[in-house]
Amino acid sequence: MSIVNVENVIEASYFLAAVLFIFGLKRMSSPVTARGGIVWAGAGMVVATLVTFLNPNMGNYPLMMAAIGIGGILAWVSGKRVAMTDMPQMIALYNGMGGGAAAAISAVELFSGTDHGLTFSVLAVLGGLIGSVSFSGSLIAFAKLQGLMKKTFRFPGQQFFNIILLVATLGLAGYIVTQHSDINIIVIFFALALLLGVTMTLPIGGADMPVVISLYNALTGLAVAFEGFVLENAAMIIAGTVVGAAGSLLTQLMAKAMNRSLANVLFSGFGDTVGEASAVEGSMKPIEATDVGVMMAFADKVLIVPGYGMAVAQAQHKVWELTQLLRKRGVDVKFAIHPVAGRMPGHMNVLLAEAGVPYDIIYDQDEINSEFATADVALIIGANDVVNPVARTDPASPIYGMPILNADYAKNVIVIKRGQGAGFSGIENALFFLDHTRMLYGDGQEMASELIQAVKTL
Amino acid sequence: MIDGFIALYIFMLAGFVGYEIIGRVPAILHTPLMSGSNFVHGIVLVGAMVALGRAETTLEVTIGFIGVVLGAGNAVGGYVVTERMLEMFKSSKEKKS
């Protein structure tokens, strides 16, 4: 009877882990409780992992410990070291590892030839396919965002090739399910699935990568759930499915914030195309930091619009220092965040939080957009396309219809920018040419320092 | 254990839970939440451990071993980066009190 007891302990622990995951994720959905949320989910993971060692009919314990040690330590060290600006690609990497692990489970089950019945064989093979695609696709996404792979790789008929590849992989999957085929077929199946992940991800441009990472995150969740069915592991089914559903919704929200459909992201490749530069009338008018300092110090309300360029210049600490100075003088300073500021939705909030900016002076687009009309100064630092008014006015523009921050409604617009080039999308920004816009040319961090000096000397 | 339809019910209900949890999340938490859900599917580590534990041939053991390394990487890495991000979220009121 002792075996029954062990099994009960295991099942109860998995149940507890599933509960902790769900409540942990729930707490993560509010900034006040978020920190506790990840700790809850972490406790669930520890419980689930420890109790798995009690599983009867298992061997290879030394190898298991070694593998956990290797994977855990590598991930721990890399996770502690990664800079906040590089967070998106790190998430892609860890996500890919999860997909790979799901594929590995599928492979072991298929190689061992255990007969699970038709339904479970189908799920095992599908989980293997999805996990493999997520694995190789996430690695490509990582390489692209990390700058290891600069070029987008396309060849004529690529979409057609991908469809053929998908059909071939599914065909092999069907063959494996029905025929219980030999090792070679299974190996070819996984090779094709991995190749599919690579060729699917290669043509997608860097700007769209966050959406793709989010999609692969959802796919990994689904693969984990499928393998959970195969192993009859309720914790895996629940956690995998919750992530699959949550990830799908997050992917949709991100695509919507970028005014793109998911199909558009996956199959078009706007991410690095250069839009037809519609001629913009007028000229860019430069300004000195000292003048901007005066303008802001005597303003009632200043809205700061940060973009990824600010984070690259590591200017967020200086910007926060400037904000504190202005607030001490009684200026109402708020941060206006576009949904896709930074590299993915919410990334800018993380970067600002790193600099110590409290989240209650950081506002979403919907909350802040009506306030630009009453702002004396809109300070744009490192942002471009997300404040381009042509998204509202020019139906011919590739970004037409994208929700933007209405910075052009502010009484004065100051843009801190390195040079005169166009933005990430290659589209000319009409905001820079407006009569009440002034350009402050220079590195984000240096300019922020100069602004601090200018305000201090007043 | 878990038979077909029970599994289907679990799948459906868990799907709703995932959808509802994310539904009303402010955009400022999207990145940490994606990272957090990335951590949660690190539960794949448990499955990989079972797969390795049952593996017999050299091929199975090798793949199972790789699976556990990857699964552990997913779980640990996902936790570390999520925790680092969430740790930084502070309210201006917290400091004063």
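Biologist: Where does B:Leu52 sit in chain B?
Modeller: In this predicted model, B:Leu52 is found in helix α3 of chain B, the helix that covers residues 44-54.

Biologist: And is B:Leu52 buried or exposed?
Modeller: B:Leu52 is buried, since its relative accessible area is 0%, and the cut-off for calling a residue buried is under 20%.

Biologist: What is B:Leu52 in contact with, leaving aside its neighbours within four places in sequence?
Modeller: The contacts of B:Leu52 involve both chains: from chain A there are A:Asn60, A:Leu63 and A:Met64, while chain B supplies B:Val61, B:Gly64, B:Phe65 and B:Val68.

Biologist: Take B:Phe65 from that list; how many residues apart are B:Leu52 and B:Phe65 in sequence, and what is the C-alpha to C-alpha figure?
Modeller: B:Leu52 and B:Phe65 are separated by 13 residues in sequence, and their C-alpha atoms are 6.2 Å apart in space.

Biologist: Staying with chain B, which residues make the nonpolar surface patch?
Modeller: The patch is formed by B:Phe5, B:Ile6, B:Leu8, B:Tyr9, B:Met12, B:Leu13 and B:Phe16, and its area is about 790 Å². B:Tyr9, one of these residues, belongs to helix α1 of chain B, residues 4-23, and B:Tyr9 counts as exposed because its relative accessibility is 51%.

Biologist: Switching to chain A, how many helices and strands does it have?
Modeller: Chain A has 17 helices and six strands, and its C-alpha atoms fill a box of roughly 80 × 50 × 35 Å when taken along the principal axes. Of the 458 residues in chain A, 57% are buried, and among contacts with a separation of 6 or more, 77% are between residues 24 or more positions apart.

Biologist: Which residues gather in the patch of negative charge?
Modeller: That surface patch brings together A:Glu288, A:Asp291, A:Glu446 and A:Glu450. A:Glu288 is placed in the loop between α10 (262-267) and α11 (289-297) of chain A, and A:Glu288 counts as exposed because its relative accessibility is 55%.

Biologist: On to salt bridges, how many does a search of the whole structure find?
Modeller: The search finds eight salt bridges over all chains. One of them joins A:Glu321 to A:Lys318, at 3.9 Å from N to O, and both residues lie in helix α13 of chain A, three residues apart, about one turn of the helix.

Biologist: Why do A:Glu321 and A:Lys318 count as partly exposed?
Modeller: A:Glu321 counts as partly exposed because its relative accessibility is 32%, and A:Lys318 counts as partly exposed because its relative accessibility is 27%.

Biologist: What else lies in helix α13, say around A:Gln324?
Modeller: A:Gln324 lies in helix α13, residues 316-328, and A:Gln324 is partly exposed, with a relative accessible area of 35%. A:Gln324 and A:Ile414 are 90 residues apart in sequence, and their C-alpha atoms are 19 Å apart in space.

Biologist: Back to the bridges, what does A:Lys411 pair with?
Modeller: A:Lys411 forms a salt bridge with A:Asp376, at 3.5 Å from N to O. This pair links distant parts of the chain, 35 residues apart: A:Asp376 is in the loop between α15 (365-368) and β4 (377-381), and A:Lys411 is in the loop between α16 (390-393) and β5 (412-417).

Biologist: Is A:Asp376 buried or exposed, and how does A:Lys411 count?
Modeller: A:Asp376 is buried, with a relative accessible area of 16%, whereas A:Lys411 counts as partly exposed at 47% relative accessibility.

Biologist: Which residues are linked in a network of salt bridges?
Modeller: The network links A:Lys301, A:Asp332, A:Lys334 and A:Glu371. Within it, A:Lys334 and A:Asp332 form a salt bridge whose closest N and O atoms are 3.9 Å apart; A:Lys334 counts as buried at 14% relative accessibility, while A:Asp332 is partly exposed, with a relative accessible area of 30%.

How values were computed:
Residues numbered from 1 in each chain as written. Chains lettered and ligands numbered in written order. Predicted model: local features only at pLDDT ≥ 70, side-chain atom pairs only at ≥ 80, totals over all residues. Heavy atoms only, no water. Patch = residues over 30% accessible without salt bridge, like charges linked within 9 Å, V, L, I, M, F, W, Y side chains within 5 Å. Areas by Shrake-Rupley, 256 points an atom, 1.4 Å probe, with all protein chains shown as cover. Salt bridge = Lys/Arg side-chain N within 4 Å of Asp/Glu carboxyl O. Lys, Arg positive; Asp, Glu negative; His and termini not counted. Charge placed at Lys NZ, Arg CZ, Asp CG, Glu CD. Helix = DSSP H or I, 4+ residues; strand = E, 2+ residues; numbered from the N terminus. Buried < 20%, exposed > 50% of the residue type's maximum accessible area, 1.4 Å probe, protein only. Contact = heavy atoms within 4.5 Å.
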